[in-house]
Amino acid sequence: MRLMSLLSALAVTACLYLIIFERDRLLVFAGANAETPPAALTADAPAPQGISVVARRQQAQAIDSAVLLRGQTAAAREVTVAAETSGLVISEPLPKGSFVNAGDRLCTLDPGTRQANLAEARARLSEAQSRVPEAEAGVIEAEARLREAEINLNAARALSQDGFASETRVVGAQATMESAIAGVQRARTAVSSALAGIESAQASVASAEREITRLTITAPFAGLLETDTAELGALMQPGAPCATIIQLDPIRLVGFAPEADVARIKVGAAAGGRLAGQQEVAGAVTFLSRSADPVTRSFRVEVTVPNPDLAISDGLSAEIIVAAAGQSAHLVAQSTLTLNDAGTLGVRIVGPDMTAQFLPVTLLRDTAQGVWVAGLPDVVDLITIGQEFVIDGVPIVPSYQEVSQQETGQQETGQ
């Protein structure tokens, strides 16, 4: 039995040797026509010169381009409301997470003696206002004396010219006239002082009223409380925080665009984002920084998105897509991409002289069917198999691959 196994193994080995290493002789021995050998075995038949590759002719398609950014969500507004005066908190605290409207009370402080100060300021205002009629009456009296002195002076001068009055009487009338002028000036100064007193008292009243309004700290806009409001009985000083409010409707998507892409982004362009949990939102670009970050050399981009149900929180990671102008591109398989000696990404094509040629490309978009690349001619013979075994200038013998109807439809739709 063992002998038969050994003989079978030797027979199989001999057959394999003849098939692999002595195939030509085996064909002749089997009856092949020795006078007219096959063309592939004829030494005189011309053999194609070059490396065999598989290529496919492709037509460029116009696709919608987009700029992909990484960023996060940010509240439209965020402010810490602080006290403007000192006092004890006498209001119950509001819990964080509560929604407040613009003007809602957040904290109320103990008024202390501020009402008394307001009453005192108003009393001083009434007193200052009562002085004005008295001062105005003094002006009227002083002006009457001035007119009387002027009449006496004119009469004394006339009598002196006719010799009925002495020069001393004229001098006395002149002195009375000057005294009346000074009295008018003093009366008018008293009126100005009274009016100034009114303005000072009005300022004191306004300051006291303003101090009272500062006792109630209100929300500057509608939003959510990010912190509890100040606790009952807490002593507040000017600048002490009462609460932090954030506004989430609308919300912003904040990303940073590199220098190569910032020229493709325009304010007002349509944009969208994909948040954590695959939630998708849509909005528009509302801000594009004109100053680059000194460290990263990138530009801040803000996209405003409606958030009426407040479902989007502040600080979520976001993948931002900004629409840009369309451009011509080719859909190629990832396996066709290669690198040249300098490490540049590109593809190899069939050149006009039937030699391999390397062309650099720019990646635009990655899809399930392949990648969209730019930088190639409108029509190109792309090497799909064998591109890794040739370099620029190497002769090639391409055999062309047919484009399926499914791939043609995908290219026409730009997917």
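## Around Asp228

Asp228 touches Leu94, Pro95, Lys96, Cys242 and Ala243, leaving out residues up to four places away in sequence (contact means heavy atoms within 4.5 Å). Its side chain also reaches the backbone nitrogen of Lys96 at 2.6 Å. As for location, Asp228 is in the loop between β7 (223–225) and β8 (235–236); strands here are DSSP E runs of at least two residues, helices are H or I runs of at least four, and both are numbered from the N terminus.

Asp228 is partly exposed, because its relative accessible area is 42% (buried is under 20%, exposed over 50%, partly exposed in between, with a 1.4 Å probe and protein chains only).

## About the model

This is a predicted model, where local features need pLDDT of at least 70, side-chain atom pairs count only at pLDDT 80 or more, and totals for chains, interfaces and linings use all residues. Residues are numbered from 1 along each chain as its sequence is written, and side-chain values use heavy atoms, with hydrogens and water left out.

## The nonpolar cores

Of its 35 residues, Leu106, Met236, Cys242 and Ile245 touch the most other members. Helix α4 (167–213) is among the elements supplying at least two residues, and α4 gives the most, with 9. Apart from this core lies another of 27 residues, including Ile251 and Val281.

## Thr384

Thr384 sits in strand β19 (residues 379–385) and counts as buried, because its relative accessibility is 13%.

Technical notes
Polar contact = N/O pair within 3.5 Å; in protein donor to acceptor, adjacent residues only side chain to side chain. Core = buried A, V, L, I, M, F, W, Y, C linked by side-chain atoms within 4.5 Å.
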